[in-house]
Amino acid sequence: MSNDQPYLKRLEEQACELLLRSPRLSVSQVLELLDISDSEFRQMLKGNTEIATLLEQRKDGCLATTPVESKECPVCHDWFVPYASARYCSDACAQTAHLRTSPDAARRLRAKYRAHQTTKARAKSE
Ligand SMILES: [Zn+2]
């Protein structure tokens, strides 16, 4: 087994998740598109609650009533299409929000920055 196997498996699962969100495709069409066998899919279901939830939603017929809506990022005010329950458009914005709401995190970051500057200054003078 090669090293990028888990990575490829994750990609395949993400693709599967995305396609299963589409009410226009049947489960068997999705599996066919991605060339996933029934046993591989069962294996995927065991480890991926997101896919299991999607299947439940499909069964209940409530998939179409949960359309993907764009959201405004509370940090940069850009509109974006959230993946799952993401609140921010990017990791950078999530981090910024975390710094805003957590004085401790901001202090740690400043301390880290100062330490970095000091190391740089010391390296220059040596
Ligand atoms: Zn943002």
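These questions and answers walk through a predicted model of one protein chain.

Q: How many helices and strands does the chain have?
A: Read along the sequence, the elements follow the pattern α-α-α-α-β-β-α-α. The totals are six helices and two strands.

Q: Why does the chain count as more spread out than a compact globule?
A: For 126 residues, the globule rule gives 14 Å. The radius of gyration of the chain is well over that, so the chain is more spread out than a compact globule. Its value is 22 Å.

Q: What box do the C-alpha atoms of the chain fill?
A: The box is taken along the principal axes. Its sides are roughly 65 × 40 × 20 Å.

Q: What share of the 126 residues is buried?
A: A residue is buried if 20 or more other C-beta atoms lie within 10 Å of its own. In this chain, the share of buried residues is 6%.

Q: What distance separates the centres of domain 1 and domain 2?
A: The domain assignment places domain 1 at 5-60 and domain 2 at 71-125. The centres are taken over C-alpha atoms. They are separated by 33 Å.

Q: What share of the contacts with a separation of 6 or more joins residues 24 or more positions apart?
A: Two residues are in contact if their C-beta atoms lie within 7 Å. Among the chain's contacts with a separation of 6 or more, those between residues 24 or more positions apart account for 26%.

Q: At what angle do H1 and H2 pack?
A: Two packed helices are described by the angle between their axes and the distance between the axes. Helix H1 covers residues 5-20, and helix H2 covers residues 27-34. Their axes are 10 Å apart. The angle is about 145°.

Q: Is the crossing of H1 and H2 left-handed or right-handed?
A: H1 and H2 pack with their axes 10 Å apart. Their crossing is right-handed.

Q: Which residues in H2 meet H1?
A: From H1 come Glu12, Ala15, Cys16, Leu19 and Leu20. The residues of this contact divide into eight nonpolar, no polar and one charged. On the H2 side are Val27, Val30, Leu33 and Leu34.

Q: Is Cys93 buried, exposed or partly exposed?
A: Cys93 sits in helix H5, residues 91-101. It has 19 C-beta neighbours inside 10 Å. Buried would need 20 or more, and exposed 12 or fewer. So Cys93 counts as partly exposed.

Q: Which residues is Cys93 in contact with, leaving aside its neighbours within four places in sequence?
A: Val75 is 18 residues from Cys93 along the chain, yet their C-alpha atoms are separated by 5.9 Å. Val75 is one of the contacts of Cys93. The list is Cys73, Val75, Cys76 and Tyr88.

Q: What is the phi of Asp35?
A: Most residues other than glycine have a negative phi. Asp35 lies in the loop between H2 and helix H3 (38-47). It is exposed, with 8 C-beta neighbours inside 10 Å. Its phi is positive, near 55°.

Q: Where does His77 lie?
A: His77 also has a positive phi, near 60°. It is exposed, with 9 other C-beta atoms within 10 Å. Its place is the loop between strand S1 (71-72) and strand S2 (79-80).

Q: How far apart in space are Arg42 and Thr53?
A: Arg42 is in helix H3. It is exposed, with 9 other C-beta atoms within 10 Å. Along the sequence, Arg42 and Thr53 are 11 residues apart. C-alpha to C-alpha, they are 14 Å apart.

Q: What distance separates the C-alpha atoms of Ala123 and Arg58?
A: Ala123 is in helix H6, residues 103-125. It is exposed, with 8 other C-beta atoms within 10 Å. Ala123 and Arg58 are 65 residues apart along the chain. Their C-alpha atoms are separated by 60 Å.

Conventions:
Residues numbered from 1 in each chain as written. Predicted model: local features only at pLDDT ≥ 70, side-chain atom pairs only at ≥ 80, totals over all residues. Axes fitted to C-alpha atoms, helices over the stretch in contact; angles between N-to-C directions. Helix = DSSP H or I, 4+ residues; strand = E, 2+ residues; numbered from the N terminus. Left-handed = near helix turned anticlockwise from the far one by under 90°. Nonpolar A, V, L, I, M, F, W, Y, C, P; charged D, E, K, R; others polar. Domains from an automatic or database assignment. Rg over C-alpha atoms; globule rule 2.2 N^0.38 Å.
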